[in-house]
Amino acid sequence: MSMALLILGMGLCSFLPRYLPLALLDGKEMPPVLKSLLGYAPPAVLAALVVPAMLMPTGDGIQFGLTNPYLVGGAATLVAGLLMPKRFLLVSAIGIVVFFVARWLFT
């Protein structure tokens with residue numbers, strides 16, 4: 001019984017944050033400031049997911065240096081993305097190749 005309640009609660013916690021804004025804002029125009037702020041949400045969420053994994057790959061502490069292949073690959077991806085903003089696959093491939101080369105060189 002408690003497992004069913006847990007699954008139901010998790011379903012509601014996942015469903016309501018998605019449904020309520022759609023139901024409450026249906027047919028209404030959002031203020032331009034809110035539209036602008038919502039545009040920053042995906043990059044902020046992605047950075048919150050990726051940056052800790054790059055800086056603390058083992059979870060022991062921050063590893064800030066060239067011997068951290070995750071950081072080197074992420075930095076290469078960032079630089080490639082800034083130089084070639086519309087070429088997602090090429091930028092991703094560059095980051096992956098740099099990561100594996102750095103891992104091969106430093107580990």
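User: Which residues are exposed on the other side of α5?

Analyst: Leu89, Val97, Trp104 and Leu105 are exposed there, where exposed means over 50% relative accessible area, buried under 20% and partly exposed in between, with a 1.4 Å probe and protein chains only. Please keep in mind that this is a predicted model, in which local features need pLDDT of at least 70 and side-chain atom pairs count only at pLDDT 80 or more, while totals for chains, interfaces and linings use all residues. Residues are numbered from 1 along each chain as its sequence is written, and side-chain values use heavy atoms, with hydrogens and water left out.

User: And which ones are buried in α5?

Analyst: Val91, Gly95, Phe99 and Ala102 are buried in α5. Seen down the helix axis, the buried residues of α5 fall within an arc of 75°, so they line one face of the helix; the arc is that of the directions from the axis to the C-beta atoms.

User: What covers them?

Analyst: The cover over the buried residues of α5 includes α4, residues 69-83, with contact meaning heavy atoms within 4.5 Å. Helices here are DSSP runs of H or I with at least four residues, and strands are runs of E with at least two, numbered from the N terminus.

User: What span should α4 have?

Analyst: At 1.5 Å a residue, the 15 residues of α4 should span 21 Å, and its end C-alpha atoms are 21 Å apart, which agrees; the expected span is 1.5 Å times one less than the number of residues.

User: What do the buried residues of α4 pack against?

Analyst: They pack against α3 and α5, and among the buried residues of α4 are Leu71, Val72 and Ala76.

User: Why does alanine 76 count as buried?

Analyst: Alanine 76 counts as buried because its relative accessibility is 19%.

User: Switching topic, how much space lies in the largest pocket?

Analyst: About 750 Å³ lies in the largest pocket. A pocket is an open set of points on a 1 Å grid over the protein atoms alone, with protein on both sides within 12 Å along at least five of seven lines, and lining residues have an atom within 4 Å of a point.

User: Which residues are closest to its centre?

Analyst: Of the 24 lining residues, Leu46, Gly74, Thr77, Leu78 and Val91 are the closest to the centre of the largest pocket.

User: Which helix gives the most to the lining?

Analyst: The helix α4 gives the most, with nine residues.

Definitions and conventions. 1 Å grid on protein atoms, 1.4 Å probe; cavity = no way out; pocket = protein on both sides within 12 Å on 5 of 7 lines; lining within 4 Å. Points joined across faces, edges and corners; volume = space filled by probe spheres on them.
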